[in-house]
There are 2 protein chains.
Amino acid sequence: MSLDRRSGCPINLSLEVFGDRWSLIILRDMIFGGRRHFRELLNGSIEGIASNILADRLKRLMELGMLTKADDPSHKQKAIYSLTEMAITLVPILAHLGAWGRVWLPTSEELSIRAELLEKGGPPMWEKFMDELRHEHLGMPLDTASGPSVRATLQAAYQAVVAGKAPGASPAA
Amino acid sequence: MSLDRRSGCPINLSLEVFGDRWSLIILRDMIFGGRRHFRELLNGSIEGIASNILADRLKRLMELGMLTKADDPSHKQKAIYSLTEMAITLVPILAHLGAWGRVWLPTSEELSIRAELLEKGGPPMWEKFMDELRHEHLGMPLDTASGPSVRATLQAAYQAVVAGKAPGASPAA
DNA sequence: TGCAACCGATTGCAAAATGCAATCAGATTA
DNA sequence: TAATCTGATTGCATTTTGCAATCGGTTGCA
């Protein structure tokens, strides 16, 4: 896909790539949620994307070089979507965006705990996370002695908050 | 203005604020271009925003707490728009966004030189810039012995590139 | 073998957002 | 007083979005 190219300004061009209401949501679910299939993205995101919009955005993101698509060997009709390096390098931007939104917007506690952790982890954590994504999506080698994955760490924090808020659950899990 | 609040996720809420094609362009022109009036924003941006969209987005950004509007004392019919702290803290995000776009998208040299400088300046430069914006827009005191303003520095670099590219101009300015 | 469930989409349609040009009333300038 | 500039507003055609239904093929299970 070619950009409209309203101007050659880096900010404008970035907006032409993901300056809509869904592209970055899809990337967020792939990056932080680990989703790789159409249905996972369709049913997984709390915002409830429509299937035609999802199909359109996946196609667009592929044409822009942010995603690739491959056949899932285990299921003949399943397609598996992978992030490219171009998309993986969005991690610091998403971290900043999450941090900004957490400060200025009415975020919910359980959904902002991950942004908080990612902010506190800072660039070292982002780099570790990007390496893990490169491993998952690009098949790059991964440093073995690196402890639990960043995604697992973020997910555990999320679960802890949800458990703490759920009625009857043990807050001191 | 109330957000649609598709979800309380910080990234989603951030997208609901400026996840469209124009809001961040307007903020970019105010932050980096120093534009404060309707006409400056209308005619100044190279992307060419329509006046009804500009009016709508200014209103929306005001309702979201990103901008304020006041009468310009020098011209009775002129309105002057100011950034709030909420908008000023977008500077690091814009810096990251510009850096990302410069790497991955077909940016033009003259329009990406500012992003490059801002990236090289890093957080210290961003902080200085934000302080200058707080001075301009919020009337905060400014450290006096701080040299030329960040905006002037960025603008000078832009002019130098433009002069170097212009036929007949002196590249070694 | 049958059959329901699931796969990645596609289609049709109404509603909303966008882009564009013309226009507005008041204030300023010449 | 006439032209120009101010921040908008209006009307209208085009585009995008949101939503529900549906599609042909695949899979898992009885």
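Where in chain A is A:Arg5 found? Select A:Arg5: this residue sits in the segment before helix H1 (10–18) of chain A. Helices here are DSSP runs of H or I with at least four residues, strands are runs of E with at least two, and both are numbered from the N terminus. A:Arg5 has a positive phi of about 60°, although it is not a glycine. Its relative accessibility is 39%, so A:Arg5 counts as partly exposed. That class lies between buried, under 20% relative accessible area, and exposed, over 50%, with a 1.4 Å probe and protein chains only.

A word on the model before moving on. It is predicted: local features need pLDDT of at least 70, side-chain atom pairs count only at pLDDT 80 or more, and totals for chains, interfaces and linings use all residues. Residues are numbered from 1 along each chain as its sequence is written, chains are lettered from A and ligands numbered from 1 in the order in which they are written, and side-chain values use heavy atoms, with hydrogens and water left out.

**Chain A**

Now select chain A. It has eight helices and two strands. From the N terminus on, the order is α-α-α-α-β-β-α-α-α-α. The C-alpha atoms fill a box of roughly 50 × 40 × 35 Å along the principal axes. Buried residues make up 49% of the 173 residues.

**DNA strand C**

Next, select DNA strand C and the residues around it. A residue is near the strand if one of its heavy atoms lies within 4 Å of it. There are 20 such residues, and A:Arg39, A:Tyr81, B:Asn52, B:Arg57 and B:Gln77 come nearest.

Seven residues are nonpolar, eight polar and five charged. Nonpolar covers Ala, Val, Leu, Ile, Met, Phe, Trp, Tyr, Cys and Pro; charged covers Asp, Glu, Lys and Arg; the others, Gly among them, are polar.

Which element supplies the largest share of this surface? Select H4(B), which gives four residues. In chain A, helix H3 (38–44), helix H4 (51–63) and strand E2 (79–83) each supply at least two.

**Close-ups**

Finish with three atom pairs. Go to A:Ser51: a polar side-chain atom lies 2.6 Å from a base oxygen of DNA strand C. At B:Lys76, a backbone N or O atom is 3.0 Å from a phosphate oxygen of DNA strand C.

Technical notes
A polar contact is a pair of N or O atoms within 3.5 Å; within protein, one must be able to donate a hydrogen and the other to accept it, and residues adjacent in sequence count only if both atoms are side-chain atoms.
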